[in-house]
Amino acid sequence: MTAATAGPVRRRPRHRQALRLLVLVAIVAVVLYPLIWMLGTSVKSPAEIVNNIGLLPETFTPGNYVDGWTNFDVSFGRFFLNSAMVSLLTVVGNALSCLLAAYALGRLRFRLRSVWFAVMIGTLLLPGHVLIVPQYILFRSLGLVGGDWPYLPLLIPHFLATEAFFVFLMVQFMRGIPRELDEAAKIDGATPYGVFRHVILPLSRPALVTTAIFSFIWTWNDFFRQLVFLSTLQDYTVPVALTLFIDSTSQSAVGPMFAMSVLSLLPVFLFFLAFQRMLVEGINTSGLKG
């Protein structure tokens, strides 16, 4: 085939490129429309929220942000601090406990290892709503519900490697690490802890970053578990606090609610923006391909 005949074959028709671009723009518009509508609604007056369903407000009302921040006896900033504390501690708990559990299941040899791994995988089939009732009964019997530090029921499970998805992700990642590195470390006199500290831990950084990012995002957006275990206003997190803008008498502050909803998206967006490159790297190298 000559260069003259090869050129038209490689060149993509312009109408296909235009169609592909149009489809991508349509997808982006569909994805971003709810966010843009929420942002526009957050600066609308109460009457305009009901009558104007468009994206842009006719009357710019930035006071919704002030009203939402000071709407309760507790500043909304307190809810942000509560969510940040719970999310960050959850990240630490999942990263430490799931990494240790994955090291045991993926690198060490002991009796019934395959059985315990199968049981762990089987817990992925149980929805969280099924487990919430026995967990509540257990923590209540231990006196941890509504105690001096009411966040313990939300945090303790994450320090016990109960997130089977992250354990599985790390196990799959560790199976891709050559065992020759373990053998070389043992020849140098390393104990199983030394192998973990000097070989597995440094090489598991992509899987740890992936676990940290998803743990933060899922915990920040979690509503059901936090609603069940938190009962005091000053202990509420952001997702639970947003429900307070609509009370049982149908009196609602929709504008301030949307304003605080916009602010609640910022930590997740900034967290993802800061670690997006590490997230992609972690997914690509996490060993999920088997």
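**A walk through the model**

Mentor: Let's start with Val 43, which sits in the loop between helix 2 (14-41) and helix 3 (46-51). Keep in mind that this is a predicted model.

Trainee: Okay, is Val 43 buried or exposed?

Mentor: Val 43 is buried, because its relative accessible area is 10% and the cut-off for buried is under 20%.

Trainee: And which residues is Val 43 in contact with, leaving aside its neighbours within four places in sequence?

Mentor: With that exclusion, Val 43 contacts Pro 57, Thr 59, Phe 60, Thr 61, Pro 62, Asn 64 and Tyr 65.

Trainee: How far apart are Val 43 and Ala 259, in sequence and in space?

Mentor: In sequence they are 216 residues apart, while in space the C-alpha to C-alpha distance between Val 43 and Ala 259 is 7.3 Å.

Trainee: Switching to helices. How do helix 5 and helix 6 cross?

Mentor: The axes of helix 5 (residues 76-106) and helix 6 (residues 113-122) come within 9 Å, and the crossing is at roughly 135°. That angle makes helix 5 oblique to helix 6.

Trainee: Which residues make the contact?

Mentor: Helix 5 brings Ala 104, Leu 105 and Gly 106, and helix 6 brings Arg 113, Trp 116, Phe 117 and Met 120. By type, the residues of this contact are five nonpolar, one polar and one charged.

Trainee: Nice. What about salt bridges, how many are there?

Mentor: The count comes to one salt bridge. The side chains of Asp 182 and Arg 107 form a salt bridge, with 2.9 Å from N to O.

Trainee: Where do Asp 182 and Arg 107 sit in the chain?

Mentor: Asp 182 is in helix 10 (residues 180-187) and Arg 107 is in the loop between helix 5 and helix 6. The pair is 75 residues apart, linking distant parts of the chain.

Trainee: Are Asp 182 and Arg 107 buried or exposed?

Mentor: Both Asp 182 and Arg 107 are buried.

Trainee: Back to helix 5, then. What does the side chain of Asn 82 reach?

Mentor: Asn 82 lies in helix 5, and its side chain reaches the backbone oxygen of Gln 234 at 2.9 Å. Not counting residues up to four places away in sequence, Asn 82 touches Tyr 151, Gln 234, Asp 235, Tyr 236 and Thr 237.

Trainee: Why does Asn 82 count as buried?

Mentor: Asn 82 counts as buried because its relative accessible area is 5%, and buried means under 20%.

Key:
Residues numbered from 1 in each chain as written. Predicted model: local features only at pLDDT ≥ 70, side-chain atom pairs only at ≥ 80, totals over all residues. Heavy atoms only, no water. Axes fitted to C-alpha atoms, helices over the stretch in contact; angles between N-to-C directions. Helix = DSSP H or I, 4+ residues; strand = E, 2+ residues; numbered from the N terminus. Parallel < 35°, antiparallel > 145°, perpendicular 65-115°, else oblique. Contact = heavy atoms within 4.5 Å. Nonpolar A, V, L, I, M, F, W, Y, C, P; charged D, E, K, R; others polar. Salt bridge = Lys/Arg side-chain N within 4 Å of Asp/Glu carboxyl O. Buried < 20%, exposed > 50% of the residue type's maximum accessible area, 1.4 Å probe, protein only. Polar contact = N/O pair within 3.5 Å; in protein donor to acceptor, adjacent residues only side chain to side chain.
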